[in-house]
Number of protein chains: 2
Amino acid sequence: MSGDQSRVRAVFEGVKAAGRNVLTAPEAREVCEAYGLPVPKEGLARSIEEAVRVARNIGFPVAVKIVSPDIVHKTEAGGVQLGLNNTREVRQAYRTITANAWNYQFDARITGVQVQQMVTGGSEVIVGMIRDPAFGPVVMFGLGGVFVETLQDTTFRLAPTTSTEALQMLDDIRGAALLRGVRGLPAADRQALAALIVKVSQLAADFPEVSEIDLNPVMASASGAIVVDARFVVDAAVQPQPPRPQAWEMRAAMRRILMPDAIAVIGASPEAGKIGYAVMENIINGGYQGQLYPINPRADVILGRPCYRSVKDIPGPVDIAIFCIPARFVAQVLEECGEKGVRGAVLIPSGFAEVGEAQLQQEVVDVARNHNIRLMGPNIYGFYYTPQNLCATFCTPYNERGSVALTSQSGGVGMAIIGFSRSNKMGVSAIIGLGNKSDIDEDDLLTFFEEDPNTQVIAMHVEDLKDGRAFAEVAQRVTRQKPVVVLKAGRTDMGARAAKSHTGALAGNDRIYEGVLRQAGVIRARHLNEMLEFAKALQMLPTPKGENVLIVTGAGGSGVLLSDACVDHGLRLMSMPPDLDQAFRQFIPPFGAAGNPVDITGGEPPETYRKTINLALYEPRVHALILGYWHTIITPPMTFANLLVDVVEEARRQGIDKPVVASLVGDVAVEVAARHLQDHRILAYPYETEKPVAGLGAKYRWARNAGLLSPVGGFDS
Amino acid sequence: MSGDQSRVRAVFEGVKAAGRNVLTAPEAREVCEAYGLPVPKEGLARSIEEAVRVARNIGFPVAVKIVSPDIVHKTEAGGVQLGLNNTREVRQAYRTITANAWNYQFDARITGVQVQQMVTGGSEVIVGMIRDPAFGPVVMFGLGGVFVETLQDTTFRLAPTTSTEALQMLDDIRGAALLRGVRGLPAADRQALAALIVKVSQLAADFPEVSEIDLNPVMASASGAIVVDARFVVDAAVQPQPPRPQAWEMRAAMRRILMPDAIAVIGASPEAGKIGYAVMENIINGGYQGQLYPINPRADVILGRPCYRSVKDIPGPVDIAIFCIPARFVAQVLEECGEKGVRGAVLIPSGFAEVGEAQLQQEVVDVARNHNIRLMGPNIYGFYYTPQNLCATFCTPYNERGSVALTSQSGGVGMAIIGFSRSNKMGVSAIIGLGNKSDIDEDDLLTFFEEDPNTQVIAMHVEDLKDGRAFAEVAQRVTRQKPVVVLKAGRTDMGARAAKSHTGALAGNDRIYEGVLRQAGVIRARHLNEMLEFAKALQMLPTPKGENVLIVTGAGGSGVLLSDACVDHGLRLMSMPPDLDQAFRQFIPPFGAAGNPVDITGGEPPETYRKTINLALYEPRVHALILGYWHTIITPPMTFANLLVDVVEEARRQGIDKPVVASLVGDVAVEVAARHLQDHRILAYPYETEKPVAGLGAKYRWARNAGLLSPVGGFDS
């Protein structure tokens, strides 16, 4: 795919040699041509008559632009004239723009005038690139011209991008319809646009010294995509990529920490109320079966376990040490751990970088590096790994086993994870605090969970990513197998950024996160509760086999609200085949409504719910079921809940396991009914028409991205 | 404000006389000029030489357009040429477009050619008008040109609009920044654009026969707004406005129904399990103190009350009759009610229009009209009006008194209202089912609640509005005094609409609802739970005195998420004055963060929460408080909840009542703590960073719209 690298290298070397960092128009053109980025026909003219000759060769209309190493903003300098239709106009324009240029800067060196084919027709779009501190090179696509700044209708992806990803970018912007053709304007050549994006991303990958690219406008039309103006910024100070550990190394380290055979608790305490006591108690009461060594020079036995003065006194090997001592002692004791051969440390104490003690934290990290110890924390509540019955934390033990792994950067959010999970009986495999992330971060955890058979869903609270690119690359692989939910905190903090290009100005942190997380197939949660609910839904619901969603409702009013929610969450209401419509009509009153939603009406007995739900469950053209229950005397809440559990579980025994979600409207008894349904893997909520559909929507988003559903093929088939 | 109506009337009469319904360009121009809508300089030419003369008078560049009563789509017919720079080009263009026109339609009558000033510079916008079946004339504003269809970036308001409303429309579109000026493009003349919108809305109000208007494009620039192309559609068949009752009539009727002295229950039953029994039982057990007459020809006494064969046998007067008999008997018994002088009927039975029995329903409506009886329903659960201890419903009695009135069009949604309200101990004044809305609808209720001293917040579930305009006009008045929340179901059903204009094509039902509800100051809920939570928050929270919102948090992680939520919900985080910052720093650890959020850090005792919250409560520059609590051993959930209730209630005793909302993260104990806080008018949620902020945001939206907060004046002052 790469272009002519040597031509580009020559340009960049010339620019650097001249002490500049922005390419002139001819230089930019040279780079475009070398990489096959289509540009208008053009020629450099050093005299009026040469300009006329060039214009005749190109064909009218043409534009003329001043070429000067001293003038960056040509338009501002009056150095551009457009739409010249004949030789007279070209002559006049040549005189005008050179005069303007000298007016603008009296000593400007003028190389000449660029005569350029005027590209008419098509839509103005922008293709850009910027190097982000966390994500490295990212490409941007959006509406161009005056709309770049006004509508900020842009989308980002990690560079290099594939052609498929580039095509998705075209659909990602709000103005996507523009490219599909609107009245009076034919559809743009999507392949040509995608190819342009891919080439820009390749250029960024090949030349780390390119820091920003703006192709703006690019005229996108039915006959292709032409770069009308290009801006390249080069930066001599190239940041080296940080080294990354191999995936197997990460997994081995995480396995040692989460599945240890022997644990030392540094600062174990015999005193209830102390963190060093709580950790010991939780590990023991949680049911951990490995070796457990309390370390405390001033105690003999803690909670029935013999105590050691130092890890070095422990007779057998030790996998991990859990630190419950003040920050200032950590480095010293970690040194001993290193000497003992401990390879993982869980640093509960706070008092490090989060309170400005960056130096103290660095000392700990240095000791760890010397001894090849991986660090979790500091400043964390610890972790839970339920397959090992391991509660290495000062919080209370957690005992709902399941397949959701949750991580949080903040302790408070971690506590909310514990409370919500317990209250919702959400089965978890792991809950892990990352705190200051002095070493272990989201990459390590994702990489471990990827192959952890105990984990099927991963949900992460993230405040910042040290290496966003590494995270995205791992996530892109993991999400093909297991759903990953990310709550990115601080998304509205756009953070000012010095930028020399449109692309730079538009690359607010959150815009890049948005595009890259999408590219990685991550399901993004907008707030804390949504992350938790998505995790619950993703674990609870089986993967649908196709796009056909059916609503069966006892309350017409709920049916409308549930349909609204389906549209909001990208679900496709199945268009009802006539034979199936007929089948439903057999079970519902004549004034009920078949179609979708199937409205069985409010006065019906349990049998009507049973028959219609059964029909939907065993009908292979229906792939997911949304139920709208209405509390009535004839079918009270628990009657409905029991019958629904009955029919769904019977279907599961027959090997039919479709996602079933339910909205229960009624008096307070629906709360108990909803809990009963959730206990049986039916995602149900009282007084809610949004959450059941949002949960199903999350499952669909993941399944589509993982390629488990063809976007069209599965629909209505 | 109105323009020259007689000129416009003459044009429309000419169009009608010609049997057309679309104005020609000269006719459209005449209308524009009569109403002061600025148009480009222009002249009609009937020959080539005349075209040249006109062009010279106007000045180049010019455009030429074919004028023919037979050609509506001029561009399609090749009847337009733009950007003509000299007389030669004008001559050539004249020949081309007349030839094209005849090619397009060989017998087209050609009046001549319009020569028009080319308006260059500025942004293309669209101003339009359409007559909606529910809302009547509405005006539209949006981005114009090719973006009209692509981005659909438009907003609607009821016509006529005020200048203030028109200015708000300019800010309502996503591309609003375009009009404020972007690089290379000066800000548009907002007053000129607003004036244009107002004039269009006035034209629509003055001439009911104008059914659609498209001014597209309008070139908006620093020097004004010029209508480059205008399209008017007239429709001879003008719909007459339905007559509306006076507000005092509505209130009197509603007062009689909701606050009756004597009630007859038609179809009262001695048999438990029957609706006629449940209604009697609920009225009695609910504590209703007025007269209650069961009507049943086959019983003597029901629940201790003497029974009558017919309402006509009742000795005293009767205000309302509650119907618990099958649909087919309703009309006949209603007739008797009319004869008895009953003036309100609550029709619980279903079996009317909702099951296709529109005729049966019409018969009932006719009887009611004859006897001047107002009807609630049919097909409803009844109503609750707690100030009268009146539970006129077959559901269970409701006993949490308060100031929220809730209404629903659907029974299922009504049941959810009852369940949620009961579970959340939300005090209500009324819960009312509207069902088929054969007579009483949202207007009547809004008008009653407007002056009902027992009601302070109104929340309505709406599927359709029979008379959207009437509703919006009442709502606009009511929302100045009391918050109104509307859940509009079916918002994603855009409903195809035959339209002769862009404006028509873009006027999907929901777009109009969105704009008009905003214009009316209504707080729109997106789903069921949001409507219920908004109602709760609006009742619970006092009105803030200014825009300064402060976050105090024990969990830095929650602080970030709460800040995100503030941005999402339009809340303004106070920028911390140095003296206040200093004051907070006295109470928090040195590594905590003052500023906003104030991060007191996680290890602090109850005293730190108490001192910082007190500081915020008594500081007059802080207008609302968001708390982020983190569950720790040092400050357990109930300790926090109790201290918060203490300090807030003490402040209330001192006359300081600010909105206080809280996000509680922690283990399951935070659920109990949150409930305790809610019981004391502190809006608190466990595991949620969104809902407390969303609730506060709803209160702010209402307060701003009601003029209780100046949008800037109250900020940081």
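Predicted model: local features only at pLDDT ≥ 70, side-chain atom pairs only at ≥ 80, totals over all residues.
Chain A contains an open sheet of 5 strands, paired in parallel and ordered β26-β25-β27-β28-β29. The edge positions are taken by β26 (598–599) and β29 (683–686) of chain A; each has a single partner strand, so one side of each lacks a neighbour in the sheet. Helix α24 of chain A, spanning residues 691–705, packs on this sheet and touches β25, β27, β28 (660–665) and β29 of the chain. The direction of α24(A) makes an angle of about 155° with that of β29(A). Inside the sheet, β25 (residues 549–553) and β27 (residues 624–630) of chain A are joined in the parallel sense over 5 bridges. V552(A) has L627(A) in β27(A) as its bridge partner.

A helix pair is formed in chain A by α1 (residues 5–17) and α2 (residues 25–34), whose axes come within 9 Å and cross at roughly 160°. Angles over 145 degrees count as roughly antiparallel, and α1(A) is therefore roughly antiparallel to α2(A). The crossing of the two helices is left-handed. At the contact, α1(A) contributes R7(A), V8(A), V11(A), F12(A) and V15(A), which meet E27(A), E30(A), V31(A), E33(A) and A34(A) of α2(A).

Notes:
Residues numbered from 1 in each chain as written. Chains lettered and ligands numbered in written order. Heavy atoms only, no water. Pairing = 2+ DSSP bridges. Helix = DSSP H or I, 4+ residues; strand = E, 2+ residues; numbered from the N terminus. Contact = heavy atoms within 4.5 Å. Axes fitted to C-alpha atoms, helices over the stretch in contact; angles between N-to-C directions. Parallel < 35°, antiparallel > 145°, perpendicular 65-115°, else oblique. Left-handed = near helix turned anticlockwise from the far one by under 90°.
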